[in-house]
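Here is a short briefing for you to read alongside the model. Have the sequence and the 3D view open as you go.

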Amino acid sequence: MTSKPPPPTPATTGPHALFTLWAREHGIRFPKLIPAYLPPAGLGIISTSEITGPSITRQGKTNIVAPGEVIAFTPTSLLLTRENVEDFSPGCGIGRLFGGKRGGGEGLSSHAGFAAAIAREARLLKGGDGGNKWREWMDVWPREEEFGISMPIMWSLEECALLPPSTLRLLEEQKEKFKRDYKMVSEKGFEFSKEEYMWAWIVGLSSLFLQRIHSWKITRWTKFYVLVNTRTLFYKPPLPAYTDLPREDCMALCPFIDYFNHSDDGVLPPSPTIPPQTQLFVTYGCHSNDFLLIEYGFTLPLAKNKWDEVSITPLLLPLLSEEHKRVLASEGFLGEYAFDKEAFCFRTLAAVRLLLIQHPEADASWRKLAAWKDFLAGRDDGERERWAVEERLLGFLRRIEEIGGDALAKVEGLGREGVKEVVRMRWGQVLKMASDVRGNMLGEDGEGRGGRSRLCF
């Protein structure tokens with residue numbers, strides 16, 4: 001029998017208490033919310049009293065919907081944006097270093113610039129300069145030692161090597177981005193260490209996108225599209241300066257809203273009202289646990305993440321010849337191969353089926369290529385190639401299980417128990433999904449397929 005987690009404990013002392021006082025003094029409204037410790041998840045937001053949902057009244061043939069209560073509101077003036085980065089870090093000169101329009105030069109990205117401003121202010125605060133207007137907010141951000149276990153970008157190479165290939169691929173992409181950003185800010189003459197900048201960069205790593213922004217508030221009847229991540233907001237306000245900015249540069253940091261944790265089911269509980277002592281969530285978007293781990297330093301249980309999947313791109317892509325890649329690219333099917341809790345995605349089926357054609361661009365292969373395109377278009381059910389395709393798919397599952405078994409054997413040699421737990425947890429999820437997919441492919445008897453599965457390697 002699984003024991004219930006301990007009840008939430010309101011964060012009414014220390015830095016979080018000082019921050020909530022500062023927030024209210026500066027116009028942030030959260031009349032029925034409070035930050036709370038929620039073991040084992042850490043900090044989050046809970047309701048202190050019942051929050052009323054929307055009401056619906058009938059007028060003739062029309063339903064009139066009245067919005068529910070405002071749950072949280074942060075004034076735009078308190079956001080850390082491209083417009084006010086000089087207010088956040090006076091004298092930093094970052095405002096003039098930002099890149100401009102899409103394709104418009106080698107200026108700093110928003111992420112790189114915000115991280116530089118944060119690292120600069122953190123160093124000043126350590127040196128005894130307590131004049132930052134946002135200091136109480138900065139004091140509740142996670143410290144470097146807290147990121148050291150949860151964020152793989154701060155792990156050693158030995159520790160990173162034991163992550164699943166799907167996780168490691170995202171980590172390598174993230175490392176390249178950090179490397180570019182740090183090189184650029186270093187060349188601008190900022191005086192902080194790589195470690196100081198990495199902490200600030202992680203603080204600004206996550207993002208939120210509000211497609212229609214009327215104000216920085218969350219109500220019980222929120223209708224705009226929201227993707228919320230740990231510390232920062234990714235948004236595009238109706239300002240001329242943002243018109244041609246790349247999507248990844250439309251970023252801001254937002255006090256208090258960053259307390260909300262993630263759920264894959266949406267912004268708030270589905271009931272008409274929210275009872276007291278209820279944790280409130282926002283959604284960070286439709287993300288796999290690999291993405292959540294690399295970007296935000298946590299994962300959800302399999303049962304609570306309907307978007308989880310395992311990328312096999314690192315395994316499948318090297319098997320494709322240049323011919324295969326050209327044909328797949330021409331049809332929009334190059335890359336992004338994965339399986340979820342039930343089956344391989346259609347993109348994977350398309351690539352594996354094309355692998356059965358040794359030279360897809362050869363004149364002699366035109367009939368096979370035409371049949372493959374008919375499969376993509378839904379004019380052919382692909383039953384003729386089904387067994388050969390499934391042999392190869394089962395081979396991918398077996399290869400993942402081999403890598404996982406090796407990683408789980410080696411993980412015991414690591415020194416940090418927290419890292420061990422993360423590696424075991426993610427591999428456990430990956431192997432469970434692989435097992436479930438195999439079961440769905442083979443059926444109850446488990447007979448009759450995959451006998452030559454290693455042909456795909």
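A nonpolar core here is a set of buried Ala, Val, Leu, Ile, Met, Phe, Trp, Tyr and Cys residues joined through side-chain atoms within 4.5 Å; buried means under 20% relative accessible area, with a 1.4 Å probe and protein chains only. This is a predicted model, where local features need pLDDT of at least 70, side-chain atom pairs count only at pLDDT 80 or more, and totals for chains, interfaces and linings use all residues. Residues are numbered from 1 along each chain as its sequence is written, and side-chain values use heavy atoms, leaving out hydrogens and water.

**The core**
- The largest nonpolar core has 116 residues, and the members touching the most others are L33, W141, Y197, F256 and F339.
- Helix α15 (residues 417–442) gives this core its largest share, ten residues; helices are DSSP runs of H or I, at least four residues, numbered from the N terminus.
- Beyond its neighbours within four places in sequence, Y197 has contacts (heavy atoms within 4.5 Å) that include A112, A115, A116, A119 and F178.

**H111**
- H111 sits in helix α3 (residues 110–126) and counts as buried because its relative accessibility is 4%.
- Its side chain reaches the backbone oxygen of W201 at 2.8 Å.
- Setting aside neighbours within four places in sequence, H111 is in contact with K177, W201, G204, L205 and M251.

**Helix α12**
- Seven of the ten residues in helix α12 (residues 346–355) are buried, among them T348, R353 and L355.
- The cover over these buried residues includes α11 (322–330), α13 (366–377) and α14 (386–410).

Methods
Buried means under 20% relative accessible area, exposed over 50%, partly exposed in between (1.4 Å probe, protein chains only). Helices (H or I, at least four residues) and strands (E, at least two) are DSSP runs, numbered from the N terminus. A polar contact is a pair of N or O atoms within 3.5 Å; within protein, one must be able to donate a hydrogen and the other to accept it, and residues adjacent in sequence count only if both atoms are side-chain atoms.
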